[in-house]
Amino acid sequence: MAAILLIEDDPLVRRGLELALSRHGHDVRTADTGEDGLREFRSSTPDLVVLDLMLPGIDGFEVCRRIRAQGEVPVIMLTARGDDFDVVSGLAAGADDYVVKPVQPTVLDARIRAVLRRSTNIAEGVRVLGDLRIDTAALTVEVRGAPVALTPSELRLLLTLSGAPGRVFSRQQLLQEVWEHDYLGDSRLVDNCVQRLRAKIEASPGTPEHVQTVRGFGYRFGPV
């Protein structure tokens, strides 16, 4: 059972998703404003947050940024439309995934379970790759001896790429490996996650040594 915090201002949507996610076996707590959501987040320490972007008061983008500043709890955002602006802004704020309204509870449950699986089923061992040290048993990452906190999506992306140095992964392959999606339009999930990962592990994110772009195709874990 996962502890889910659902932050949604529409009472019908909130109640419907609360009941549906509870039926899928989750322990669900709810909040109807950004302020209440942040208070509940600090008091309940959920395993995952489902966050509406269009909230009264503090909007979902700012809520996501504050959650991310306090830790690495995964966030799935709800957006009323699939516009690039909403999606890209939410991903830049630190969200791990998104679902477009109207939300199908089975789809949301599948996304929740996929996010929570991202830190599991990795072959155990320690990978030392240049200035990176990745412990796949403890699921910890160090850069030049200093610990680095990664979200589940960032960690799974790093584990996937570093598990096959030099291999080029298309965005579609990474979507399937990391996010368990099969819709090519979601490639922005990959690109935004790469940007966030580079900011945390690269000495110079603009000229990355580890997570390298293969123009027109995808990404690879580069020479070290």
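1. Start with the loop between β8 and β9 (146-148), where you'll find Arg144. (Strands here are DSSP runs of E, at least two residues; helices are H or I runs of at least four; both are numbered from the N terminus.) Arg144 isn't a glycine, yet its phi is positive, about 50°. Its relative accessibility is 53%, so Arg144 counts as exposed. For the cut-offs, buried is under 20% relative accessible area, exposed is over 50%, and partly exposed is in between, with a 1.4 Å probe and protein chains only.

2. A quick word on what you're looking at: this is a predicted model, with residues numbered from 1 along each chain as its sequence is written. Local features need pLDDT of at least 70 and side-chain atom pairs count only at pLDDT 80 or more, while totals for chains, interfaces and linings use all residues; side-chain values use heavy atoms, leaving out hydrogens and water.

3. Now look at Leu139, in the loop between β7 (132-135) and β8 (140-143). Leu139 also isn't a glycine, and its phi is positive at about 55°. Its relative accessible area is 29%, which means Leu139 is partly exposed.

4. Next, a peptide bond to check: Lys101 and Pro102 are joined in cis, with omega about -5°. Pro102 sits in the loop between β5 (97-100) and α5 (105-117).

5. How do helices α6 and α8 cross? The axes of α6 (residues 152-162) and α8 (residues 187-201) come within 10 Å and cross at roughly 80°. (Axes are lines fitted to C-alpha atoms, for helices over the stretch in contact, with angles from 0 to 180 degrees between N-to-C directions.) The two are therefore roughly perpendicular; that label covers 65 to 115 degrees, with under 35 roughly parallel, over 145 roughly antiparallel and the rest oblique.

6. α6 has another partner, α7 (residues 171-179): their axes come within 9 Å and cross at roughly 120°. So α6 and α7 are oblique to each other. Their contact includes Leu157 and Leu161 of α6, together with Leu174 and Trp179 of α7.

7. Finally, how many disulfides are there? Zero, taking a disulfide as two cysteine sulfur atoms within 2.5 Å. For Cys64, the nearest cysteine sulfur belongs to Cys193, 13 Å away. Cys64 has 3% relative accessibility, so it counts as buried. Cys193, at 1%, counts as buried too.

Methods: Contact = heavy atoms within 4.5 Å.
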